[in-house]
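These are my notebook entries on one structure. I set down what I looked up, entry by entry.

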Amino acid sequence: MEVVVVKDAREAGRLAASAVTALLARTPDAVLGLATGSSPLPLYDELARRSTEEGLDLSRATAFALDEYVGLRRDHPASYRSVIRREFSERVTIDPARVHTPDGLAGDLVASCAAYEDAIRDAGGIDLQILGLGADGHIGFNEPGSSLASRTRIKTLTEQTRRDNARFFSSLSEVPHHVVTQGVGTIMDARHVVLLAGGAAKAQAVHGLVEGPVTAMCVGSVLQFHPHTTVIVDEAAASALL
Ligand code: F6R
């Protein structure tokens, strides 16, 4: 695991964007894994800028979002389908038909999760997975106690995560209780993982991720077993590292 401490979110975004740019130069039809939340936004801003100003080409790329709320209408501004579209797909040259999000409205959620796993596998697997980190150490929405071998499935959000995400909704009561998320095993299959975390509220989780014992109580710590993970943090998020 490589840990890079940067000055601010913009620098983090630039560094992560350089990983994406280098991948696309080698593999124009690369498969990206996309996180939502606040942490990857500077990355998406930078990819948009490089697309407009430097001709970064994502026209042959494919993308899979990490997660989606269960029961939230697709056009709700906080649905991850909407977020990925607004922050990423509409600002770069990717073919929208090649941008996939788990279906939180499927009649048969279990079958739909299995189909999502199949779609990732059929696309050749994820080359570069972008991650954020929950204050409780979650990656995707694999909350504490998740199986470290899990695949895409339904999970219940903790109250802390619901409160953390209430800023994207008009009230806490509107935040769904359930999500569909790529599993820990799904994330571990990605060839390169780039995790972004900033701010003091993430410091303990970053400590657990990098230096803690590998435990399902800080799910991100499993990345210590991943062969190619890059953790990009600002100084506040790095402040509990030894
Ligand atoms: C989002 C996701 C979550 C977030 C995490 C951090 O798709 O899977 O794991 O990455 O909750 O969120 P932010 O970046 O908003 O602090």
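**Entry 1: Arg 50**

I began with Arg 50 and found its place in helix H2 (residues 41-54). Helices (H or I, at least four residues) and strands (E, at least two) are DSSP runs, numbered from the N terminus. I note that the model is predicted: local features need pLDDT of at least 70, side-chain atom pairs count only at pLDDT 80 or more, and totals for chains, interfaces and linings use all residues. Residues are numbered from 1 along each chain as its sequence is written.

Is Arg 50 buried or exposed? I looked up the rule before answering: a residue is buried if 20 or more other C-beta atoms lie within 10 Å of its own, exposed if 12 or fewer, and partly exposed in between, with C-beta atoms placed from the backbone. Arg 50 counts as buried because it has 20 C-beta neighbours inside 10 Å.

I then listed its contacts (two residues are in contact if their C-beta atoms, placed from the backbone, lie within 7 Å). With neighbours within four places in sequence left aside, Arg 50 is in contact with Ala 17, Thr 21 and Leu 56.

**Entry 2: Leu 223**

I located Leu 223 in the loop between helix H7 (203-211) and E10. Leu 223 counts as buried because 23 C-beta neighbours lie inside 10 Å. Not counting residues up to four places away in sequence, Leu 223 touches Met 1, Val 193, Leu 209 and Thr 229. From C-alpha to C-alpha, Leu 223 and Arg 50 are 29 Å apart in space, and they are 173 residues apart in sequence.

**Entry 3: helix H1**

I turned to helix H1 (residues 9-26), which has 18 residues. From first C-alpha to last it reaches 26 Å, close to the 26 Å expected at 1.5 Å a residue. The expected span is 1.5 Å times one less than the number of residues.

Which residues of H1 are buried? They are Ala 9, Ala 12, Gly 13, Ala 16, Ala 17, Val 20 and Leu 24. Seen down the axis of H1, these buried residues fall within an arc of 125°, so they line one face of the helix. The arc is that of the directions from the helix axis to the C-beta atoms. I recalled the general rule that an α-helix has 3.6 residues a turn, so residues three or four places apart point the same way.

The face of H1 turned away from the buried side carries the exposed residues Ala 22, Ala 25 and Arg 26. I found that the buried residues of H1 pack against several elements, among them H2, strand E1 (2-6) and strand E2 (31-34).

**Entry 4: helix H4**

Helix H4 (residues 109-122) has 14 residues and reaches 20 Å from its first C-alpha to its last, close to the 20 Å expected. Its buried residues are Cys 113, Tyr 116 and Ile 120. They fall within an arc of 55° when H4 is seen down its axis, so they line one face of the helix. On the other side of H4, I noted Ala 111, Asp 118, Arg 121 and Asp 122 as exposed.

What do the buried residues of H4 pack against? I found strand E3 (62-65), strand E7 (153-156), strand E8 (178-181) and helix H6 (184-188). H4 is followed by Gly 124, whose phi is positive, near 100°.

**Entry 5: positions from the record**

I consulted UniProt, where an unreviewed entry places the feature "active site" at Asp 67, Asp 136, His 138 and Glu 143. UniProt positions are given in the numbering used here, feature names are shortened, and annotations may be inferred rather than shown by experiment.

I found Asp 67 in strand E4 (residues 67-69). Asp 67 counts as buried because it has 22 C-beta neighbours inside 10 Å. Its contacts beyond four places in sequence include Tyr 80, Pro 102 and Gly 140.

Asp 136 is in the loop between E6 and E7. Why does Asp 136 count as partly exposed? It does so because it has 18 C-beta neighbours inside 10 Å. Leaving aside neighbours within four places in sequence, I found Asp 136 in contact with Glu 143, Pro 144, Thr 158, Gln 160, Thr 161 and Ala 205.
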